[in-house]
Every structure is written in C-alpha cells, then in structure tokens.
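This briefing sets out the computed features of the chain shown below. The points are grouped by topic.

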Amino acid sequence: MALNPMALMQLSGRFSIFSEQHPKIPMFIKAVGANAVNVGSIIEVKVTSPDGQEYVTNMKVTPEDMETVEMIKHMKDQ
C-alpha cells in the first residue's frame with residue numbers, strides 16, 4: 001500500500017483543525033503515549049451516540065502494537 005503524499009497533506013491540515021476544535025484530545029494522547037501505553041496496558045474506547053446508545057470496546061497492548069506506536073512516533077519526526 002503506497003501512501004499518497006497529497007492525502008497526507010490533507011490529513012495534516014484536518015488534524016490541525018481537529019486539534020484546534022478539541023485541544024484536550026491531542027494533549028491526552030501525548031500524555032498517555034508518554035506515560036501509560038506499554039505492553040499489557042488496556043485501552044478502552046467508549047462512544048455515546050446522540051440518542052444515548054453506548055458502544056464500548058477495549059484491547060490489551062501487545063509487543064506488536066508497541067512496534068506500531070513507535071513507528072507512528074517516528075513518522076512525525078521525519
């Protein structure tokens with residue numbers, strides 16, 4: 001799968017807008033990534049729809065997940 005440079009630029013722009021509209025989310029992700037995400041950590045996500053329906057899932061972080069996290073961290077350095 002090849003990465004489309006134009007799509008990456010668009011995503012970067014959209015992420016800037018998202019960060020401005022929801023400043024706590026990037027701060028939370030940065031803090032969690034630096035301090036809490038390790039092999040064995042449990043990540044849980046909950047979404048509540050406007051009508052009150054709740055969707056919840058979780059995952060236990062594996063060594064392979066940590067490889068992915070490290071790759072993403074290094075992508076922004078390039």
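In this predicted model, the secondary structure of the chain consists of three helices and two strands. Read from the N terminus, the order of these elements is α-α-β-β-α. The chain is more spread out than a compact globule, because its radius of gyration of 15 Å is well over the 12 Å that the globule rule gives for 78 residues.

**Dimensions and contacts**
- Along the principal axes, the C-alpha atoms of the chain occupy a box of roughly 35 × 35 × 25 Å.
- Among contacts in the chain with a separation of 6 or more, 15% are between residues 24 or more positions apart.

**Burial and surface**
- Of the 78 residues in the chain, 6% are buried.
- The chain has an accessible surface of about 7,100 Å².
- Carbon and sulfur atoms contribute 63% of that accessible surface.

**Charges**
- The chain carries 7 positive and 9 negative side chains.

**Salt bridge**
- The count of salt bridges comes to one.
- This salt bridge joins the side chains of lysine 46 and glutamate 54, with an N to O distance of 3.3 Å.
- Glutamate 54 has a relative accessibility of 44% and therefore counts as partly exposed, the class that lies between buried, under 20%, and exposed, over 50%.

Definitions and conventions: Residues are numbered from 1 along each chain as its sequence is written. This is a predicted model: local features need pLDDT of at least 70, side-chain atom pairs count only at pLDDT 80 or more; totals for chains, interfaces and linings use all residues. Side-chain values use heavy atoms; hydrogens and water are left out. Helices (H or I, at least four residues) and strands (E, at least two) are DSSP runs, numbered from the N terminus. The radius of gyration is taken over C-alpha atoms; the globule rule is 2.2 Å times the number of residues to the power 0.38. Buried means under 20% relative accessible area, exposed over 50%, partly exposed in between (1.4 Å probe, protein chains only). Contact means heavy atoms within 4.5 Å. Accessible areas come from the Shrake-Rupley method with a 1.4 Å probe; for residues, only the protein chains shown count as cover. Lys and Arg count as positive and Asp and Glu as negative; His and the chain ends are not counted. The place of a charge is taken as NZ of Lys, CZ of Arg, CG of Asp or CD of Glu. A salt bridge is a side-chain nitrogen of Lys or Arg within 4 Å of a carboxyl oxygen of Asp or Glu.
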